[in-house]
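This report describes the fold of one protein chain, from its overall make-up to individual residues. Please consult the sequence and coordinates shown below while reading.

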Amino acid sequence: MNKFYTVIKSVVLFTVVFTVLYSCKENEKKVTTEKVVKIDTIAKKIDTVIKPKYPDYLTVDFLMGKFNPAKDDRFVRIEDKYTNKKNIYLNKEAYDAFLKMYQAAYKDGFKLVIVSATRNFDYQKNIWERKWKQKAQITDKAKRTIEILKYSAMPGTSRHHWGTEVDLNVLENSFYTKGEGKKIFDWMIKNAHKYGFYRPYTAGRPYGYNEEKWHWSYIPVSKTYTEYAKKNMKDEFISGFSGAETAKGIQVTKKYILGIDKSCF
Ligand SMILES: [Zn+2]
């Protein structure tokens, strides 16, 4: 009988010791996991402090095209052979990528011609004021603005301010639906993304500018600008040209600056 109790005692003791030890291990694990999570959070915080999310030059004024690309070393003059304009500029990275895409297209038998690139606030203002006068028969200012906004941006809100955008070859959608134009467009759809170029103004978006088959954006840079615009741009900042006061009612930031194809976010 005594032997039996000794065995039972041993079994009970073993169970208790095992349970205690095991639960200690479990706690140890929890503590370790918690520590890792905490360290990880701190590391992320430090990382954010050390590496700022946006480059120093990225300000609302920059987004709004309030600079001169000819005097700005982030921009580079486009060589004459790639454009039908004189003295137009692109963001350096966007230009390097364009040159690679140009070579690839050229090998396949297509010539890409930049017909518009960086346009600063003043340049866009000239376009806007000209169109504002042309549409003078539309006396309701908001309606006149919406009419111009089918294809042209308000000064301060154009992606062309950024230096990441190019208009290629012909500024007509119909050109790209047949013949040589269609071949170029099909080539771009198949290949442009390999060089970082995407279309912000596709067909079938709920709002924003009409479709533009000629407009391509260098997303590795413009994506950051779009994100910055989403966080910092406000309709209230838009001013300094005819009809600027209509921007808020039309929700230009939401519907036009950010009314782009989802591939560009
Ligand atoms: Zn364009």
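Which residue takes a positive phi just after H3? Gly109 does, with a phi of about 95°.

## Basis of the description

The structure is a predicted model: local features need pLDDT of at least 70, side-chain atom pairs count only at pLDDT 80 or more, and totals for chains, interfaces and linings use all residues. Residues are numbered from 1 along each chain as its sequence is written.

## Overall composition

The chain holds nine helices and six strands. Helices (H or I, at least four residues) and strands (E, at least two) are DSSP runs, numbered from the N terminus. Of the 265 residues in the chain, 31% are buried. A residue is termed buried if 20 or more other C-beta atoms lie within 10 Å of its own, exposed if 12 or fewer, and partly exposed in between, with C-beta atoms placed from the backbone.

Contacts are taken between residues whose C-beta atoms, placed from the backbone, lie within 7 Å. Among the contacts in the chain between residues at least 6 apart in sequence, 73% join residues at least 24 apart.

## The four-stranded sheet

Four strands form an open sheet in the order S3-S4-S6-S5, with antiparallel pairing. Its edge strands are S3 and S5 (197-198), each of which pairs on one side only. Helix H7 (residues 219-232) packs on the sheet and touches S5 and S6; the direction of H7 makes about 85° with that of S6. Such angles run from 0 to 180 degrees between N-to-C directions, and the axes are lines fitted to C-alpha atoms, for helices over the stretch in contact.

Strands count as paired if DSSP finds at least two bridges between them. S3 (residues 114-116) and S4 (residues 165-168) run antiparallel and are joined by two bridges, with Ile114 standing opposite Leu168 in S4. Three bridges link S4 to S6 (residues 215-218), again in the antiparallel sense; Glu165 has Ser217 in S6 as its bridge partner.

## Helix H3

Helix H3 (residues 92-107) has 16 residues, which should span 22 Å at 1.5 Å a residue; its end C-alpha atoms are 23 Å apart, in agreement with that value. The expected span is 1.5 Å times one less than the number of residues.

The buried residues of H3 are Ala94, Tyr95, Ala97, Phe98 and Met101. These residues lie on the same side of H3 because they cover an arc of only 160° around the axis, the arc being that of the directions from the helix axis to the C-beta atoms. The cover over the buried residues of H3 includes S1, S2, S4, S5, S6 and H7. On the face turned away from the buried side, H3 carries the exposed residues Lys100, Gln103, Tyr106 and Lys107.

With 13 residues, H6 reaches 18 Å from its first C-alpha to its last, close to the 18 Å expected at 1.5 Å a residue. Ile184, Phe185 and Met188 are buried in H6. Their arc around the axis is only 95°, which puts them on the same side of H6. The face turned away from that buried side carries the exposed residues Gly179, Asp186, Ile189 and Lys190.

Phe175 is located in the loop between S4 and H6 (179-191). Phe175 counts as partly exposed because it has 17 C-beta neighbours inside 10 Å. Not counting residues up to four places away in sequence, Phe175 touches Val170 and Gly181. Phe175 and Lys213 are 38 residues apart in sequence, while their C-alpha atoms are 9.0 Å apart in space.

Most residues other than glycine have a negative phi. Asn87 is not a glycine, yet has a positive phi of about 55°. Asn87 occupies the loop between S1 (75-77) and S2 (89-91), and counts as exposed because it has 10 C-beta neighbours inside 10 Å.

Gln251, likewise a residue other than glycine, has a positive phi near 60°. Gln251 is placed in the loop between H8 (247-250) and H9 (252-257). With 14 other C-beta atoms within 10 Å, Gln251 is partly exposed.

Note on methods: Two residues are in contact if their C-beta atoms, placed from the backbone, lie within 7 Å.
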